[in-house]
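Below is a report on the strands, helices and contacts of one protein model. The sequence and coordinates come first, and the description follows.

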Amino acid sequence: MNHSRTSHDIAVVGAGAAGTLTVLRLLRNMATGRPGPTRIWLIDPEPAGRGLAFGTDAPHHLLNVPAGGMSAHRDDPGHFVRWLGDRGGEHDFVPRSLFGRYLAESLQAASDRGDTPDLVRVPDRVVGITHRPKSGPAPLSLRLRGGRTLDVDAAVLALGNFAPGLAWAPPALRASGMLLADPWAPGALTTVPEDRDVLLVGTGLTMVDMALSLQRPGRIVHALSRHGLVPQPHATTPLVVPAAPELDARSGLVGLRRAVLRQIAHCRRVHGDWRVGVDSLRPVTSALWQQLPPADQARLLAQDLRLWETHRHRIPPVSTRALRTAVDAGLVSIGRGTVADAETATGTPGDVVEVRLDNGRRLRVGAVLNCTGSEADLTRIDDPLVTGLLDAGLGTPAPVGGGFDTTAHGQLRPAGDRAPAPLWTLGSLRRGKLLETTAIPEIRCQADDLALLLLDRSAVGTRAEPAPAR
């Protein structure tokens, strides 16, 4: 793919929420007088705005954040609410498909403006990136699955969430043909037998959506995880969140645990709800995570993260009520346990897989759904772009927590003493650096900061910050 090099070319790889938000902020900042000309390439075979999180059309798959917190623009927090109001929508926990539509329409409206730079949609997938720091027409050459190449000055990897990992699944279960490795894959649920019980492995946000989709009379949806913890509900009325506390994690994980519990207990006494205590920590969570030494970070992930996530990433009250009703009716069963082994057996009618749990219990089910959450370990991800970046040393895995090792601005840290490439990322791929990086309020801020940086051509050509001392 040949094009003139008179413009400053920025590629955004991935058109899900993170990629769409990045392009929106690039367009808006250009429209307000940022230097140009700039050409933006948005590369993804799928439509903009939907991605994994917002591609579902099920009306009971709701946003886990009230609409008032879901604006695409941090400088216009009422943007999504106004969009809903213009279409007669409610302003509470709305279907996720509506948010995907909002992102797509917002992008279309922004790109239709006459004072914005060129936006070029490329319905293809990037499968490799070459860095040419001292030669060639541009620093980066992107290789597309269709065989073309695209030369750009900088690229943003907005790859979203990867499919769940399978390290927990015994070989017999993987070979059974009844394991749905990714329940969010298009058409995955149509393969679940109508007349068989189902096992969901994992009891987080995906489990809630899958259980509500699959529960029906005559079937039991079994859900289990090591802890058996499920997401807590949001409050039924809006809460006023106090200012973030002044906490310090440099004394270690034990001291941080005490400080967090004190803050939550204090907020519960003063404000009458533990939720405001958890939410008050949101602005400082990433800074506290970064203050911990790697050994304490690893312990936090192993010992504290699941409990934290069930209280931090909550679900709408209506989803809680629906799930509780299904449990009370015997249609859904939630408990603790792990899969120890599996054996395929012929049922009448159809095939079933008999799953043995670590406590010796056996379940005969027609399908096992992997609801364990997105794989964060990049070395386990079967994606040619990610594998190629790691093999070439253009990126390295984060030491702890998953995703890429990045600078404070999201630039990928290369291996060894290689020169850093003009490659940035945001969202879940910054988990190792930020810990809290998957919700729209965090991603929209990252997208805006990144857009401002990328439009500063002098900053794009600078070296990455040095790695922090440990």
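Some conventions apply throughout. Residues are numbered from 1 along each chain as its sequence is written. Because the model is predicted, local features need pLDDT of at least 70 and side-chain atom pairs count only at pLDDT 80 or more, while totals for chains, interfaces and linings use all residues; side-chain values use heavy atoms, with hydrogens and water left out. Helices (H or I, at least four residues) and strands (E, at least two) are DSSP runs, numbered from the N terminus. Two strands pair if DSSP finds at least two bridges between them.

Strand β2 (residues 38-43) runs parallel to β3 over five bridges, and Trp-41 stands opposite Val-120 in β3. Further along the sheet, β1 and β7 run parallel and are joined by four bridges. Val-13 has Leu-157 as its bridge partner in β7. The pairing of β7 with β16 is parallel over three bridges, with Val-156 opposite Trp-424 in β16.

Side chains of β7 point two ways: Ala-154 and Val-156 to one side, Ala-155 and Leu-157 to the other, and all are buried. Buried means under 20% relative accessible area, exposed over 50%, and partly exposed in between (1.4 Å probe, protein chains only). Axes here are lines fitted to C-alpha atoms, for helices over the stretch in contact, and angles run from 0 to 180 degrees between N-to-C directions.

Contact means heavy atoms within 4.5 Å.

| Strand pair | Sense | Bridges | Partner residues |
|---|---|---|---|
| β8 and β15 (residues 367-370) | parallel | two | Leu-180 and Leu-369 |
| β9 (residues 198-201) and β10 | parallel | four | Val-198 and Val-221 |
| β10 and β11 (residues 332-336) | parallel | five | His-222 and Ser-333 |

Strand β10 (residues 221-225) has five of its five residues buried, so it is largely enclosed by the rest of the structure. Both faces are covered, with Val-221, Ala-223 and Ser-225 on one side and His-222 and Leu-224 on the other. Together, β9, helix α6 (residues 205-214) and β10 make a right-handed β-α-β unit. A crossover is right-handed if, with the strands pointing away from the viewer, the path from the first strand over the helix to the second runs clockwise.

## Hairpin

Strand β13 (residues 351-357) pairs with β14 in the antiparallel sense over four bridges. The two form a hairpin with four residues between them, and Gly-360 in the turn has a positive phi of about 90°. Val-353 has Val-365 as its bridge partner in β14.

## Helix contacts

Helix α3 (residues 79-86) packs against helix α4 (residues 96-111) at an angle of about 100°, with the axes 11 Å apart. The two helices are therefore roughly perpendicular to each other, the class for 65 to 115 degrees; angles under 35 count as roughly parallel, over 145 as roughly antiparallel and the rest as oblique. The contact involves His-79, Phe-80, Trp-83 and Leu-84 of α3, and Leu-98, Phe-99, Arg-101, Tyr-102, Glu-105 and Ser-106 of α4.

Leu-253 lies in helix α7 (residues 253-271) and counts as buried at 4% relative accessibility. Leaving aside residues up to four places away in sequence, Leu-253 touches Leu-292, Asp-296, Arg-299, Leu-300 and Asp-304. Leu-253 and Trp-289 are 36 residues apart in sequence and 9.5 Å apart in space, C-alpha to C-alpha.
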